[in-house]
Amino acid sequence: MEILHVDSATEWRGGQQLLLRLVLGQAAAGRDVAVACPPAGRLWAELGRAGVARVAVPAGASARAAARIARCGARVHVAHTSHAHGNCALLSTPLIVHRWVDAVPGRGLLSRWKYRRPAHFVACSAAVARVLRNQGFGPVTVVHGGTNPPTGPAAADAPALLALGAHVPHKGHDLLAAAVTRLRAGAWPGVEAGVAGPGPVHPPPLRSLGQREDVGGLLRGCAVFVQPSRSEGLGMAVVEAMMLGRPVVASRVGGIPEVVQDDGVLVEPGDVDALVEGILAARNISAERRARGAARVCRDFSTAAMVAGALAVVDRVLRSGRT
């Protein structure tokens, strides 16, 4: 086996979806690739449907997972979660770590050791790369997360204001709820807002759309896409929205500004007033400006670009022989 990707989670979120696209692209390029992940997760099922080789490992951090990974005899390990990173760090095989979040690594001795083990880091954005370099970790190569434009006709139940993402605090859905309340009391009476993604039901005024497979339809049907995150490694939902030429307002955090640039509206994180103003401004983004952003994002944040960039790092590590 040449490349063994490792994911320790059972959830189905952006990181797992990016991993699936990455592995399918590398397999299509003729590389000998497999994925070690927990059988209880959706990633395991999706890999099986796609015919990708799988290795069953326990979820989370464990010596059993590390031993199972070691027995595969791969030439290089590629870790995609923190626990996967820790499991692979115990082994002598060259290690590449894909970093999908902009959180600062822990400062303890064990964390410092763990983050000095990889032969190379792959950061999904320049913002994530800066976090690693500022902590003295590297080498780091930026390979933007990539996808293809979502497909499907406009969904009949798409709200005017749409957010995508798990119901977790850093996504800032509470900020969107506060903004909607103010819009209804003033500039946009009766505006509807909804969030699609895993997690508990959102309280009013947000409508919970649940985990949806028709993301393209929801995006095509909304008037404005809103990403009010408090932190974000890159923001793949923003990438998808811009690929379809949707008006976008998003927080100026993590890698989001690298995606939006001048083709959408950026606001300060945590500022409800700014979010309200940004939503109203996004309604007036010209079709020309949105088309320009769509063309740029389709080029720079494509699956093909991500696969090529990640393979270039694999080949560099294999040539160097660094462990």
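How are α1 and α13 oriented to each other?

1. Basis. The model is predicted: local features need pLDDT of at least 70, side-chain atom pairs count only at pLDDT 80 or more, and totals for chains, interfaces and linings use all residues. Residues are numbered from 1 along each chain as its sequence is written, and side-chain values use heavy atoms, with hydrogens and water left out. Helices (H or I, at least four residues) and strands (E, at least two) are DSSP runs numbered from the N terminus.

2. The α1/α13 pair. Helix α1 (residues 14-28) packs with helix α13 (residues 303-320) at an angle of about 75°, the axes being 9 Å apart. The two are therefore roughly perpendicular to each other. Angles run from 0 to 180 degrees between N-to-C directions, and axes are lines fitted to C-alpha atoms, for helices over the stretch in contact. Angles of 65 to 115 degrees count as roughly perpendicular, under 35 as roughly parallel, over 145 as roughly antiparallel and the rest as oblique. From α1, the residues L18, R21, L22, G25 and Q26 meet T303, M306, V307, A310 and L311 of α13. The residues of this contact divide into six nonpolar, three polar and one charged. In that scheme Ala, Val, Leu, Ile, Met, Phe, Trp, Tyr, Cys and Pro are nonpolar, Asp, Glu, Lys and Arg are charged, and the others, Gly among them, are polar.

3. The seven-stranded sheet. Seven strands form an open sheet in the order β3-β2-β1-β4-β5-β6-β7, with parallel pairing. Two strands pair if DSSP finds at least two bridges between them. β3 (53-56) and β7 (140-142) are the edge strands, each with a single partner, so one side of each has no neighbour in the sheet. From one strand to the next the twist averages 25°. Strand β6 (residues 120-123) pairs with β7 in the parallel sense over three bridges, and V122 stands opposite T141 in β7.

4. Contact here means heavy atoms within 4.5 Å. Helix α6 (residues 126-134) also packs on the sheet, touching β5 (95-99), β6 and β7, with its direction at about 170° to that of β7. In α6, A127, V128, A129, V131 and L132 are buried (under 20% relative accessible area; exposed is over 50%, partly exposed in between, with a 1.4 Å probe and protein chains only). The buried residues of α6 pack against β5, α5 (109-116), β6, β7 and α10 (256-260). Just after α6, G136 takes a positive phi of about 85°.

5. Strand β2. Five of the five residues of β2 are buried. V33, V35 and C37 cover one side and A34 and A36 the other, all of them buried. β1 and β2 pair in the parallel sense over four bridges, with V6 opposite A36 in β2.

6. R54. This residue is found in strand β3 and is partly exposed, with a relative accessible area of 36%. Not counting residues up to four places away in sequence, R54 touches V35, W44, A45, L47 and G48. A polar atom of the R54 side chain lies 2.9 Å from the backbone oxygen of W44. The C-alpha atoms of R54 and R319 are separated by 26 Å, the two residues being 265 residues apart along the chain.

7. E2. This residue lies in the segment before β1 (3-6). E2 counts as buried at 13% relative accessibility. Leaving aside neighbours within four places in sequence, E2 is in contact with R31, D32, A74, R75, V76 and L318.

8. The six-stranded sheet. An open sheet of six strands runs in the order β10-β9-β8-β11-β12-β13, and the pairing is parallel. β10 (206-210) and β13 (265-267) stand at the edges with a single partner strand each, so one side of each is left without a neighbour in the sheet. The twist averages 25° from one strand to the next. Strand β12 (residues 248-251) and β13 pair in the parallel sense over three bridges; the bridge partner of S251 in β13 is V267. Helix α7 (residues 173-184) packs on the sheet, touching β8 (161-164), β9 (193-196), β10 and β11 (224-227), and its direction makes about 175° with that of β8. Helix α9 (residues 236-243) packs on the sheet as well, touching β8, β11 and β12, with its direction at about 165° to that of β11.

Key:
A polar contact is a pair of N or O atoms within 3.5 Å; within protein, one must be able to donate a hydrogen and the other to accept it, and residues adjacent in sequence count only if both atoms are side-chain atoms.
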